Amino acid sequence: MKTLRRGTFSKNLPLFLLAIPGLLYFVVNSYIPMIGIFIAFKDINFAKGIFASDWIGLDNFSFLFQTKDAWIMTRNTILYNVAFIVLGTICSIFIAIFMYELVKKIYSKFLMTGLILPNLISMVVLSLLVFAFLNAENGFINNSLLAPLGIEGINWYAEPKYWPFILVFIHLWKTAGYGSIIYFAAIAGIDKSIYEAAKIDGASKIKQISMITIPLLKPTIIILVLLSVGRIFNSDFGLFYQVPLNAGALYSTTQTIDTYVYRALMQLNDVGMSAAAGLYQSVVGFVLVVTVNAIVRKINADNALF
Amino acid sequence: MKKKFLVLLVATLLISVLSACGSSSSSSSNSNEGTDEQQKVEKVVFSMVSFNRIPDDYSAVTKAINDITIPKIGVEIDLQIFSPADYSQKVNLALQSGEKLDIFTTLGQFANYASKNQLLALEDLLDKHGKDLIAKLEEDFGPGLLDSTTINGHIYGIPVNKGMSLPTNFVYSEVLLNSLGYKKEDITSINDLTPIFADVKERYPDITPFGPINVNPSDTNLLHYLKGQYQIDFLTDTNGIGVVVGDSGKVVNLYETDEFKEAAGVIREWFTAGYLQKDAATTAVPFSEMIGSGRGFSMLGGYSGKEAAKALSAQVGTPMEMQRIAPYYFDTNAVNLVSWLVNSTTDVPEGAVKFLNLLYTDEQVINTILYGIEDVDYVRVGERHIKFPEGKDANTVSYTAMLSTGMVGSESLQYQLEGVDLADLQLKLDENKTTPRSPYLGFVFDQSDVKVQVSSVTNVVNQYLPGFMTGSLDLETALPAFIKALNEAGAEKIIESKQEQLDKWISEQKK
Amino acid sequence: MLEAKDEKVFRILSAVVMGLLTLAAFLPFLLIIIASISSETSLVRNGYSYFPSEFSLDAYIYMKSSASTFIRAYGVSFFITIVGTGVGLLITSMLAYPMSRADFKYRNVLAFFVFFTLLFSGGVVPSYIMWTQYFDVKNTMAALIIPNLLVNGFNVLLVRNYFKANVPTEVIESAQIDGASELRIYFRIMLPLSVPVLVTVGVFMGLAYWNDWINALYYITKPQYYGIQNLLIRLMNNIQFLNSGQASSVLGAQAVELPTIAIRMAMAVVGILPILIVLPFTQKYLARGVVMGAVKG
């Protein structure tokens, strides 16, 4: 493939003009309000106003570290996100491949809707459905699955050890289909003649997938993984707070940084502390992405995010 | 075809931008209408919560209020009504961004707003413009109501004037109790309940005798009961870290007290005997729904007056009765739970206080806010009662905020819905004066030095408390673990800080 | 056309897997629908079931009293979804194109610039102050369309990647030799060849607009601007509040009886149904891209 020469200014200008509406939007919508990051370093006193309140350095961040929960919530957040990224990517890719197989069938529209449907159900409603399955009194699992087998019902909402599996499952159920659409679009963009050539050469289906499809999906995979890594200290609040029904007994395996901050600040209602928590999550994610991106850049500059 | 599409897009964008400009300019032209009056009239933004359906347009009600307030006190009110879902969000955003918001209320967050200097000190303004208000409060509550919103000698808020005593009631299904042969007069304490539950369980194995009144997190009102039964002052925080029992003056950890152990032990007994659901600590179904569908029997609730059971029966769908088993106790939080506050950055302090004065003393203003316009939204029945106009109810009338009676002004001046017993209303007000008051009523704890510990401790409490509330945790093993976790989270430091502040406050009271 | 045996096996496997996944997707939703027409008593007594002991339309009757509000809310949601997605797609792809060109000097700077916004944010308050005080968007349609949702860094990067991977540079070069302007290249080449990703991003944006209730929560106080999700969340929160203990201390047990669980389920149905009706139509375009992809070779 020929590479285009680096352009002169006149060549770059029209392209830059095309980019302006988008850039303008980001400046206004995202960069100007970023001024607010300084709130994380202030002790806000409303009588003085936000701008005149005192600077207190890193004090607002201490509540994130000075608690024995800090380790638990950080560990949980990271482990869940790693599981989500790895398992989610694998599931989404496979779903996309399977889905693509059937794209010419009449019922494919139906299938596509089915992929997105779980994502449309809000976490609040989902938590009620999960409760229908897991509640100790008349939940589906205890009543209809375990009881006939003679196994005593488990008090699901009081046993932390099952929840990593439950939550990962629910997360995959909700997002794998939705995420597969991107991979589906990428597969749709692959030149079909490559497959034809491979088939003529006698390549089996499995070989086709592993030698053609997945390598060609690499750029998409890398970018999605990179973006997910950037949010590795964030979590889906609905999943970790509402689905476990905010049960205290489950904290050891369901407390994430976001839920901890929310619970801590319900009483305190402190703007500076919540800004500090957000900044902490952003900075960690940022450092990680820059690092990983640099590594990717070394391997293949084209695949890097920037 | 692409070009046509693009043109359509651009056109739509332009139209939406123009219409956006159009609607914002029309709203600003509306506010210019009263300009001749504006010289003499102060504009006050009054922000309120309504639990009813909020109509799209309630300008008729706003006008009706202003017809009273402009001639009387020269104040024009901008009435803003929000649903509970977004009230605090909207108030906080307005306060933090410097938007005009003059009068607002709090649902329990008084100390927080005060510590961040978001509230205006009112004592001087009250002396000038709030004399009627103060007199009315004294009449209905007795002296000292404003102590609960006073910090360092400054009055920062005005609690709503209503019956605030919420004794703990045993709330139960009338039919079931009668079928067991008990008489409600025989039930006087929490220990009387144990044999009743045993009977229920024996006779009706499918019915759960007891459950949490609130869920998410589960709450059986254990703390509420302790407060009234043993006269425990929670010193303005709901965690239970740092309370004072009676008048000992000593700040202790609630969970280390004998009183807590005893009451938690009773509930633990109930749980092990099967009087609560196995998942009571984590269920998503409030027990009132269980009772209504015939699967539950009773719960504990804090209600003022003696008529609440009637309304509960309507809500639950089965005849309910209630019987008091513990008195109430006024500590600072009990009294300032719903208070009206003035923004510290307001540009109309005088107007705001003048309006507050009317809010507590003017029958017309109070009832217009609550019920709307006479003969349109409600019809008078006798002297103090009202009902909806023919063929209308709470959902179809053009304006009503009838569910906000617990939030606005003085209960003694509010009209009541037809059927409400006025004697009970009087009882509620009388109990304001007879309920025991904590010697520390008026003490407000400043959390700013122990913010980190509070956030840690809150998490620990959330983790364990529902379990103790429902008896699902074994006291022998879990209670020590809980206390240990609390101390590791900094509970002792919080208690120290509270004791310091309390001692200082006590010595200042003596002066 | 002779199909190899393993191809056939794979096709069958795909059908089985997708069938199971579809079941896994629809069954819970079916449960929601059935729960919304079950009586509250049977829900509380027996839990959720595909075969409830008692049916009841109480939840929908309760919502019927606000029927006109719902219709208006649907209108609002449809409007902002269509306008927002249309304009947003345009701006997003216009930004993605220069970033995808290897000969564009600033492509990495822009990529970083865009990506940074995904991680860092100033928080609610500064945005709120800016939009309400400097742009005066309170209670306007613009408030529902512009803040946060119109252009999203994630989508920009997706489109950029697709452009890079799937539009051959030869095509662009030959157009340049023919004297085409960048704008022309954008419209005549980039967009038509990228239908799959545009539809994908369009679906993402559309869903984001449809499901958004946060912009309305912050910037709207007049009910005529409530979108459907915002309306539902408000109604649900109100019901939850009325049923909670907080209410009893504030209201003094005045609350009215409400079939809360059934209502919540009914609201979920009401919010999701329109999407289920519209979505199959977009699938057509996603599939169309497949055909084009084949022809391209």
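These legends accompany several close-up views of a predicted model. Local features need pLDDT of at least 70 and side-chain atom pairs count only at pLDDT 80 or more, while totals for chains, interfaces and linings use all residues. Residues are numbered from 1 along each chain as its sequence is written, chains are lettered from A and ligands numbered from 1 in the order in which they are written, and side-chain values use heavy atoms, with hydrogens and water left out.

**View 1. Chain A as a whole.** Let us start with chain A, which has 13 helices and 2 strands; helices (H or I, at least four residues) and strands (E, at least two) are DSSP runs, numbered from the N terminus. The C-alpha trace of chain A spans about 70 × 70 × 30 Å along its principal axes. Of the 306 residues in chain A, 58% are buried. Here buried means under 20% relative accessible area, exposed over 50%, and partly exposed in between (1.4 Å probe, protein chains only).

**View 2. The open sheet S15-S16-S17 of chain B.** In this view 3 strands form an open sheet with mixed pairing, in the order S15-S16-S17; two strands pair if DSSP finds at least two bridges between them. Strand S15 (379-381) and strand S17 (416-417) stand at the edges with a single partner strand each, so one side of each has no neighbour in the sheet. S15(B) and S16(B) (residues 385-387) run antiparallel and are joined by 3 bridges. Look for B:Arg380, whose bridge partner in S16(B) is B:Ile386.

**View 3. Strand S10 of chain B and its partners.** Strand S10 (residues 241-245) of chain B has 4 of its 5 residues buried, so it is largely enclosed by the rest of the structure. Strand S9 (residues 232-233) of chain B runs antiparallel to S10(B), with 2 bridges joining them; B:Asp233 has B:Val244 as its bridge partner. S10(B) also pairs with strand S11 (residues 252-253) of chain B in the antiparallel sense, again over 2 bridges, and here B:Val243 stands opposite B:Val252. A hairpin is formed by S10(B) and S11(B), with 6 residues between them. In the turn, B:Gly246 has a positive phi of about 60°.

**View 4. Salt bridges in chain B.** B:Lys72 is exposed at 54% relative accessible area, whereas B:Asp362 is buried at 7%. Another salt bridge connects B:Glu307 and B:Lys310 (2.6 Å, N to O); B:Glu307 is partly exposed at 27%, and B:Lys310 is exposed at 54%.

View 5. B:Lys428 and B:Glu411 meet in a salt bridge (3.5 Å, N to O). B:Lys428 lies in helix H17 (residues 422-434) and B:Glu411 in the loop between S16 and S17 of chain B, so the pair ties together parts that are 17 residues apart in sequence. Both B:Lys428 and B:Glu411 are buried. Elsewhere, salt bridges that share partners join A:Glu101, A:Lys205, C:Glu7 and C:Arg11 into one network.

Definitions and conventions: Salt bridge = Lys/Arg side-chain N within 4 Å of Asp/Glu carboxyl O.
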